[in-house]
Amino acid sequence: MMRSRFLPRAALCLFALAFAGQAHATDDAEPVALTVLLDWFVNPDHAPLIVAEQQGWFEQAGLEVTFVEPADPSLPPKLVAAGRADLAITYQPQLHVQADAGLPLVRIATLVATPLNALVVLADGPIRTIADLDGKRVGYSVGGFEDALLGTMLESHGLTLDAVELINVNFSLSPSLLSGQVDAVIGAFRNFELNQMDIEGRPGRAFFPEEEGVPAYDELIVVAHRDRLAEGPDAAALNAFTGVLERAAAFIVNRPEQAWKVFAASDADGLDNELNRRAWRDTVPRFALRPAALDGARYERFAGFMRARGLIDAPPALDTYARQLPGPPR
Amino acid sequence: MTVLPRALPALLVLLGAWQLIVVVASVPPWILPAPVQVVQALLEHRRTLAVDAAVTGGEIVAGLLLGTTLGIASAVLLCVVRSARRWALPLMVISQAVPVFALAPVLTLWFGYGPGAKVAMATLIIYFPVVAASVDGLRYADPGMLDLARTLGAGPRAELWHLRLPAALPSIGSGIRVAASVAPIGAVVGEWTGSSRGLGHAMLQANARLDTDLMFAALACLCAIAVALYVAVDRALDRALYWQADRLHLSSSPELLLR
């Protein structure tokens, strides 16, 4: 997609350079268009992307970025793999499943560097520890690995998956818990659903997977098609993209209040609400401050976990599905 | 059964073409699995798929029974009670503008994650076609016969029972046929919204895990249920309405479709 558009542009640019003599390639070059598929509707998890866009930093880096919100969070990586979009925001555990299934996807950056996923129950409910889930109903959204997560958490308390009834609630996590249809939900985001429940007057209690036997992982990552990572204009654009992410993450951590105002002003219809304000506060410490940096051992550890849970066969070589780009030129 | 022998060659040709396209164009399995892979998935997961099919099939049949019963009852009520006709019919037509899909999450909250919500969804989707077809049948009874009956002193009840209802049966039959073919939509929409079993649940799960072949296998089961249900309902209706001359000899429609 981008390749076919870029080559004529690059040629034009060279032409301009040769004949105008003093043209500045970076200033005059037309921006490279990048379509970024988000994992979900815009929320504070996407802050670095939105803030960078608002501040004009993508534009300064020669990128013209378009964000698209999907109807189904499992779709964006597939669309990128099929060449229908440039980048997708997705989840590290899904990446391992996708790599196992042969999707030509490579992680190029991390957005949120800790798990956000949590097992959530009502704070005033009967479930005080994970062991209390014996015989209860647990709601989940089909992400493809929630049962593995829950299974591990249960096993660390002497239970197995058979001890609970798993019900797919298809992203109605808080409603199903608040209405009492299920006793717990897995797949709730600790920065989002917990605040949502608190605002509704029914605070929740969270159990964190990484404290209950699940290896830590990156909740939100950026993936690109493998073919786009070779040398050339595509790779340069992706490099520039990760550079902008780093700049935005630093800005958000340094000036959370100012960054919130930028984020909230980015959309007239409703980012500036109580839920997002609270979620913002809880998300800021979790953004990857070195978005391009790849902790290979951590990825391989998680691949091992996915394999042990039977979600993937033999994990492919790390280099085929996760890479660290060299970063933008100085 | 003459249905199967006739359907088989056409089906095999289609499957062969599908397999050929996948192999020749080397389509990745996560975009479009080959029929052979789908059959393998079908065999490999036959136990769980059978359980899922039973769950979904049960929801569809329950929704069909409930929706048809409620639909016919409502139509009779509309026919008998004039004020119901005046006030409820427009409302019923307007209610059809509400997409059932949008109601699915709410129905799930009300009826829970068990079969209730799915049956409710199937019932809702079936209800209107049955009401519409039944009302049409009831109101287009032969006016000459109605006049004659009234002259002979027939009351409204006799008129309904001996004239309008028998005249409406073929229309009601059409409504039920439509209902049988749309009922699976309701059940699957319900399962997509929230479930722990059923073919819709299996499809969601397979989709998230990139088991596209298993997704197609579940879809194939769903198609089989839908076709079997339609054929069964169609046959049963033909038997029940035996006096209705079938001048086109459509009585065993699948044969017609494949003839």
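**A walk through chain A**

Start by selecting β4(A) and β10 (residues 220–225) of chain A: these two strands pair in the antiparallel sense over six bridges. (Strands are DSSP runs of E, at least two residues, helices are runs of H or I, at least four, and both are numbered from the N terminus; two strands pair if DSSP finds at least two bridges between them.) Before you go on, know that this is a predicted model, where local features need pLDDT of at least 70, side-chain atom pairs count only at pLDDT 80 or more, and totals for chains, interfaces and linings use all residues. Residues are numbered from 1 along each chain as its sequence is written, while chains are lettered from A and ligands numbered from 1 in the order in which they are written.

Now click R107(A): opposite this residue, in β10(A), stands V223(A).

(Axes are lines fitted to C-alpha atoms, for helices over the stretch in contact, and angles run from 0 to 180 degrees between N-to-C directions; residues are in contact if their C-beta atoms, placed from the backbone, lie within 7 Å.)

Next, show the whole sheet. In chain A, five strands line up as β2-β1-β3-β10-β4, an open sheet with mixed pairing. At the edges you'll find β2 (63–68) and β4 (105–112) of chain A, each with a single partner strand, so one side of each has no neighbour in the sheet. From one strand to the next, the twist averages 25 degrees.

Time to colour by domain, with bounds from an automatic or database domain assignment. Domain 1 of chain A covers 31–114 + 218–320, and domain 2 covers 117–211. Where they meet, 14 residues of domain 1 of chain A contact 11 residues of domain 2 of chain A. On the domain 1 side, α6 (92–100) and α12 (274–283) of chain A each supply at least two residues, and α12(A) gives the most, with six.

Finally, bring in chain B. Here 21 residues of chain A are in contact with 19 residues of chain B. Which elements give two or more residues to the side of chain A that touches chain B? Select α6 and β7 (165–168) of chain A; β7(A) gives the most, with four residues.

Definitions and conventions:
Contact = placed C-beta atoms within 7 Å.
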